[in-house]
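Colleague: Please walk me through the labels on this model. I want the cut-off behind each one.

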Amino acid sequence: MVRGKFKGKPPGRRHFSTPEELIAGTTATRPRTFSQEEAAENVEEESEEELEEPSEKQKGTLGLIEINNPNLVKPKNLKAKDADIGKITELSRRERVEIEKQKAHERHMKLQEQGKTEQSRKDLERLALIRKRRAEAARKREEDKAGNLLFACPLFASLHHIFIKAFMESKLEA
């Protein structure tokens, strides 16, 4: 009794042979009268046929009539041993343009490194300005540090505090 809505396909289920059946040579794909010796002979005959070079098969009537047509394009099958190593191939337009673009980029980068382009000059000016600002800021920090060094010591801090009080009192009296 068939289960499900649809019928099975006419040939039925597929049968896959197990590795043991393959080793034993009893598979369902070969007829029982077919022996292993015959299979070996068929394989040898096929390998001998493969060794013989088959003549080129041509489509249609090309093989029947020889044509001396100068416009007929013949397929060019070049083998590695027949290739001309010394022959220089010309580049396509796109390849030439791409190579020119790379060379132009390399020239520009070289000039950029030397500082000869307008953009590199502007960058160097900007860097000089930044260095100048940083040097001024560092000098200012050093001065502040030197000025605050007196107040770091507790004795000087208390003396400074007393000095400021006296100064403020003298201003009030005046």
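Modeller: Start with R126 and D123. Both lie in helix α4, 3 residues apart, about one turn of the helix. The model is predicted: local features need pLDDT of at least 70, side-chain atom pairs count only at pLDDT 80 or more, and totals for chains, interfaces and linings use all residues. Residues are numbered from 1 along each chain as its sequence is written, and side-chain values use heavy atoms, with hydrogens and water left out.

Colleague: Why is the contact between R126 and D123 called a salt bridge?

Modeller: The term needs a side-chain nitrogen of Lys or Arg within 4 Å of a carboxyl oxygen of Asp or Glu. R126 and D123 meet at 3.1 Å, N to O. So the pair qualifies.

Colleague: How many salt bridges are there in the whole structure?

Modeller: The search finds 3. One of them joins E118 and K122, with the closest N and O atoms 3.6 Å apart.

Colleague: Why is E118 called exposed, but K122 partly exposed?

Modeller: Exposed means over 50% relative accessible area, buried under 20%, partly exposed in between (1.4 Å probe, protein chains only). E118 has 55%, so it is exposed. K122 has 44%, so K122 is partly exposed.

Colleague: And what makes T117 buried?

Modeller: T117 has 12% relative accessibility, so it counts as buried. T117 sits in the loop between α3 and α4.

Methods: Helices (H or I, at least four residues) and strands (E, at least two) are DSSP runs, numbered from the N terminus.
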